[in-house]
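Good morning, and thank you for making time for this item. Please look at the sequence and the model on the screen, and I shall then take you through them.

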Amino acid sequence: MKKRIIASLMAVAMLASTAIITANATADFISIGDVTQDDNVNMDDVVTLQKHIAKITEPSKRGLVAADVNFDEKVNMEDVTLIQKKIANLIDEFYMDCIYDVNPGAKAIMPNILSGKAVVGESVMFWIGKIRGYGLCKTELYINDVKLPDNDHYMYYEHKFDKAGKYKITAKIYNGFGEYTYLSIKYKVVESLDSEKPTVKSLDFSEIVRYCNNSSDGDYILIDNSEEDIILTANASMGTAPYEYMFLLDGEKLTDDYSTTNSVSICRKESENKDDILTIKIRDKNGIESSEDFKLIYTFVDGEW
């Protein structure tokens with residue numbers, strides 16, 4: 001099978017490394033009223049909150065969020081009274097019992113150029129996709145553990161590589177409590193792409209998919225199962241423009257023949273762990289052809305994450 005290609009604008013990345021959450025960030029939710037963060041709402045929470053109001057003790061940042069049981073953005077005796085009523089069963093529930101998706105996270109790091117197709121001195125845009133977490137999230141991007149400068153847009157980072165080689169791209173994602181997690185991908189940069197043959201420079205997908213490069217199955221693009229189809233767009237380089245494209249899935253044509261249309265719809269599979277080989281054929285202005293294969297694996301996920 002032909003060389004499998006790494007990452008693209010909407011076709012890359014997985015949580016390639018273990019997520020690390022700082023010490024006090026264990027649960028992905030905050031129980032309202034649980035000021036002490038001990039998974040119970042009882043008189044300990046009342047006492048802790050009263051001491052906070054009296055400026056005797058300071059709860060954790062998560063505990064302060066849990067203390068605002070009436071969601072008026074204030075922590076005061078009204079919250080104490082409501083917690084007491086809840087403990088005494090004078091009220092059944094607060095306005096909201098839990099805040100979910102508290103821990104920081106992101107779904108993918110997505111370069112806009114396929115790994116192995118990025119050239120020294122060329123600007124590469126890395127997009128951190130589907131960032132989540134309670135409060136104001138921020139991100140940091142590292143190239144081989146060297147942090148890139150912060151910018152005004154926390155989802156996008158631009159970088160020019162000054163030499164060829166293999167790189168580790170790592171994103172750290174923080175929530176409003178300063179807790180963080182991280183994810184990494186591998187990325188390859190080459191000296192040049194001088195070739196008479198056209199090549200797939202990048203792939204764009206209508207939804208975020210994940211590129212996996214740390215499995216015994218080899219490199220593959222992981223696609224979450226759903227009823228919706230995915231629109232894939234291939235972008236060619238080298239050879240001589242303009243280009244024509246043909247798409248095949250497991251050897252069967254998705255398009256009738258070569259066409260200037262560089263997008264195709266891919267039907268997601270209904271069965272778990274089904275995989276396909278997507279073949280993209282390109283023909284340039286001079287009739288020179290090339291072909292590249294991409295392994296697709298379909299998987300079920302629980303909800304959006």
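A search of the whole structure finds zero disulfides, a disulfide being a pair of cysteine sulfur atoms within 2.5 Å. Two of the cysteines may be mentioned here. C98 has a relative accessibility of 17% and therefore counts as buried; C137 is buried as well, at 11%. Buried means under 20% relative accessible area, exposed over 50%, and partly exposed in between, with a 1.4 Å probe and protein chains only.

Residues are numbered from 1 along each chain as its sequence is written, and side-chain values use heavy atoms, with hydrogens and water left out.

The pLDDT, the predictor's confidence in each residue from 0 to 100, averages 85 over the protein, and 85% of the residues score at least 70. Over residues 1-20 the pLDDT is below 50, although this stretch has 90 contacts in the model beyond near neighbours in sequence. A contact here means heavy atoms within 4.5 Å. Where pLDDT is low, the predicted coordinates should not be read in detail.

Turning to the overall architecture, the protein has three helices and 19 strands. Helices (H or I, at least four residues) and strands (E, at least two) are DSSP runs, numbered from the N terminus. Of the 305 residues, 45% count as buried.

Which residues have the most contacts inside the largest nonpolar core? They are L203, L232, L278, I280, F294 and L296, in a core of 23 residues. Strand 14 (230-237) is one of the strands that each supply at least two residues of this core, and its share, four residues, is the largest. Apart from this core lies another, of 20 residues, including A106, I128, F161 and L183. By nonpolar core I mean a set of buried Ala, Val, Leu, Ile, Met, Phe, Trp, Tyr and Cys residues joined through side-chain atoms within 4.5 Å.

Helix 1 (residues 43-53) has the highest mean confidence, at 97, whereas strand 12 (residues 210-212) has the lowest, at 68. In helix 1, D45, V46, T48, L49 and H52 are buried, and their cover includes helix 2 (61-67) and helix 3 (77-87). After the helix comes K55, with a positive phi near 60 degrees.

Not counting residues up to four places away in sequence, F177 touches I30, K61, R62, V65, V102 and Y134.

Finally, some backbone details. Most residues other than glycine have a negative phi, and most peptide bonds are trans. E73, in the loop between helix 2 and helix 3, has a positive phi of about 65 degrees; E73 is exposed, with a relative accessible area of 78%. The loop between strand 14 and strand 15 holds M238, whose phi is also positive at about 65 degrees. P242 lies in that loop too, and a cis peptide bond, with omega about 5 degrees, joins A241 and P242.

Methods. Predicted model: local features only at pLDDT ≥ 70, side-chain atom pairs only at ≥ 80, totals over all residues.
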